[in-house]
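Here's a quick briefing to read alongside the model. Have the sequence and the 3D view open as you go.

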Amino acid sequence: MRIAVAGASGMVGRHLVGVLEARGHEVVAISRSAGVDVVTGDGLAAAVAGADCVIDVTNAGTTDQAAATEFFTTVARNLQETGERAGVRRLVVLSILGVDRFSGGYFAAKAAQERAVLSGPVPVRILRAAQFHEFAGQTLEWGRQGEVSRVPRMRVQPVAAEAVAEALADLATEAEPSAAASGEAPIWEIAGPREEELVDMATRLAARRGDPVRVEGVENPADPDRELVKAGALLPGPAATLAPESFEDWLSTAV
Ligand SMILES: NC(=O)c1ccc[n+]([C@@H]2O[C@H](COP(=O)([O-])OP(=O)(O)OC[C@H]3O[C@@H](n4cnc5c(N)ncnc54)[C@H](OP(=O)(O)O)[C@@H]3O)[C@@H](O)[C@H]2O)c1
């Protein structure tokens, strides 16, 4: 198949391009660094021309709710409109576990993305993934101030970005998905094998790297969704695919 990957140069996009090419598909890489902008639409029509499927693994570059919502809904609309004109038969979109339950922040922006893409004419499949193992390193850097890094307390069930790429490739290419939907199709879920606490992941990552930073768990009392996270809203449901690589496995091989 000819498959366009929006966000091909990103953390999950790089894995996805590798997985699709290894399976013999023709991949069109979409990113601003490749000369295609999914927000302004520059180069987009030419990039999706002749594609059977478009997979969206772009990211907003911000966690601000308003800016991220503007990004994700604009991209959803542009991919739907350009995709329909090009005769694309399916859009596959990467989202995050539990986003439909959140009222604020980046998660609410992802929920808006889901609604926007589902409202368009091209058939959609959404994969909601758990946080990637690499998320521990991102939060360690985002929260770093001198010798301390403040990392949000979060119950997560982290997954390998490569396993997410494999699941996206399955949803893009299978006529009838082999994985069970999370309820009513078109939404599927993927997570890793076991629940972790993000603060503990960041602490173990720092130790593994020999990084002397002191990791402190923090909670934002102004966050209206913090009870949801404590209650496990970011964890997978019973139908989720559970990929085998644990955070501990990833630490010992990738770091
Ligand atoms: N990280 C996690 O733990 C996690 C977990 C579950 C789901 N997700 C979701 O996975 C998706 C991908 O995340 P990621 O961490 O892999 O992202 P990332 O590494 O930040 O990569 C983002 C990609 O989007 C491209 N991009 C950004 N703006 C663009 C634009 N205007 N036009 C064209 N391309 C654009 C970037 O390339 P250029 O900069 O060259 O344009 C890059 O290829 C996100 O939607 C995120 O919500 C992430």
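**Strands, helices and a ligand**

Getting from strand 1 to strand 2 takes the chain through helix 1, in a right-handed β-α-β crossover. (Right-handed here means that, with the strands pointing away from the viewer, the path from the first strand over the helix to the second runs clockwise.) This is a predicted model, so local features need pLDDT of at least 70 and side-chain atom pairs count only at pLDDT 80 or more, while totals for chains, interfaces and linings use all residues. Residues are numbered from 1 along each chain as its sequence is written.

Some ground rules on naming: helices (H or I, at least four residues) and strands (E, at least two) are DSSP runs, numbered from the N terminus. Two strands pair if DSSP finds at least two bridges between them.

- Seven strands make an open sheet with parallel pairing, in the order 2-1-3-4-5-9-12.
- Strand 2 and strand 12 (241–242) sit at the edges with a single partner strand each, so one side of each has no neighbour in the sheet.
- Across from Arg2 you'll find Glu26 in strand 2.
- Strand 3 (residues 53–56) and strand 4 run parallel and are joined by four bridges; Cys53 has Arg90 of strand 4 as its bridge partner.

- Another open sheet has three strands in the order 6-7-11, and its pairing is mixed.
- Its edge strands are strand 6 (144–145) and strand 11 (214–218), each pairing on one side only.
- (Axes are lines fitted to C-alpha atoms, for helices over the stretch in contact, and angles run from 0 to 180 degrees between N-to-C directions.)

**Helix 5 against helix 7**
- The axes of helix 5 (residues 135–142) and helix 7 (residues 198–209) come within 9 Å and cross at roughly 85°.
- That makes helix 5 and helix 7 roughly perpendicular to each other (the label covers 65 to 115 degrees).
- Helix 5 brings Ala136, Gly137, Thr139 and Leu140 to the contact, and helix 7 brings Leu198, Met201, Ala202, Leu205 and Ala206 (contact means C-beta atoms, placed from the backbone, within 7 Å).
- Seven of the residues in this contact are nonpolar, two are polar and none is charged.

**Around the ligand**
- The ligand is surrounded by 26 residues, the closest being Gly7, Gly10, Met11, Ser31 and Arg32.
- Helix 1 (11–22) and strand 4 (90–96) each give the shell at least two residues, and helix 1 gives the most, with three.

**A cis peptide**
- Ala185 and Pro186 are joined by a cis peptide bond, with omega about 20°.
- Pro186 lies in the loop between helix 6 (161–173) and strand 9 (187–191).
- For context, most peptide bonds are trans.

Definitions and conventions:
Near = placed C-beta within 6 Å. Parallel < 35°, antiparallel > 145°, perpendicular 65-115°, else oblique. Contact = placed C-beta atoms within 7 Å. Nonpolar A, V, L, I, M, F, W, Y, C, P; charged D, E, K, R; others polar.
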